[in-house]
Amino acid sequence: MKPLISSIEIENRVIVAKYQRLMVGAKVVLIEKASGRQLPETVTRVASPVPVGALRIKLPEAIEPGTYFLRAFNGHGEDAAQSADFEIR
């Protein structure tokens, strides 16, 4: 079964993303939908050996309102999962 970023919640400029089947060491990064640009200041790694959990990404003040999504990369740098689009206001 494929890895999955199943839900996104944003509160006080913190993204909480629930995931399934992401392996330890997977990298998750915020992507601006309009440009496709990865925002390197938001990179987070899955640290838990359990393949189900949640991770938190604090949004820097420089992140502007718009449509974004999260993309996960496995330990080899290959696409592993992508979230649904969401709005940052």
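**Charges, burial and contacts**

Tutor: The structure holds 3 salt bridges. The model is predicted, so that local features need pLDDT of at least 70 and side-chain atom pairs count only at pLDDT 80 or more, while totals for chains, interfaces and linings use all residues. Residues are numbered from 1 along each chain as its sequence is written, and side-chain values use heavy atoms, with hydrogens and water left out.

Student: What makes glutamate 61 and arginine 13 a salt bridge?
Tutor: A salt bridge requires a side-chain nitrogen of Lys or Arg within 4 Å of a carboxyl oxygen of Asp or Glu. The N to O distance between glutamate 61 and arginine 13 is 3.8 Å, and the pair therefore qualifies. Glutamate 61 lies in the loop between β5 and β6 and arginine 13 in the loop between β1 and β2, so the pair ties together parts that are 48 residues apart in sequence. Strands, as numbered here from the N terminus, are DSSP runs of E with at least two residues.

Student: Which parts does the salt bridge between lysine 33 and aspartate 85 tie together?
Tutor: The side chains of lysine 33 and aspartate 85 meet at 2.5 Å, N to O. Lysine 33 lies in the loop between β3 (27–32) and β4, and aspartate 85 in the loop between β7 and β8, so the bridge ties together parts 52 residues apart in sequence.

Student: Why is glutamate 61 called exposed?
Tutor: Buried means under 20% relative accessible area, exposed over 50%, and partly exposed in between (1.4 Å probe, protein chains only). Glutamate 61 has a relative accessible area of 65%, and is therefore exposed.

Student: How do you know that glutamate 32 is partly exposed?
Tutor: Its relative accessible area is 22%, so glutamate 32 falls in the partly exposed class. Glutamate 32 also forms a salt bridge with arginine 37, the closest N and O atoms being 3.7 Å apart. Arginine 37, at 47%, is likewise partly exposed.

Student: Why does arginine 71 have no salt bridge?
Tutor: Arginine 71 is buried, and the nearest side chain of opposite charge, aspartate 79, is 4.1 Å away. The cut-off is 4 Å, so this pair does not count as a salt bridge. Here Lys and Arg count as positive and Asp and Glu as negative; His and the chain ends are not counted. The side chain of arginine 71, a residue of strand β6 (residues 66–73), does make a polar contact of 2.9 Å with that of glutamine 82. A polar contact is a pair of N or O atoms within 3.5 Å; within protein, one must be able to donate a hydrogen and the other to accept it, and residues adjacent in sequence count only if both atoms are side-chain atoms.

Student: What makes serine 83 buried?
Tutor: Serine 83 has a relative accessible area of 6%, and so it counts as buried. Its side chain reaches the backbone nitrogen of leucine 70 at 2.8 Å. Not counting residues up to four places away in sequence, serine 83 touches Ile5, Ile8, Phe69 and Leu70, where contact means heavy atoms within 4.5 Å.

Student: Is phenylalanine 69 buried or exposed?
Tutor: At 8% relative accessibility, phenylalanine 69 is buried. Phenylalanine 69 lies in strand β6.

How values were computed:
Helices (H or I, at least four residues) and strands (E, at least two) are DSSP runs, numbered from the N terminus.
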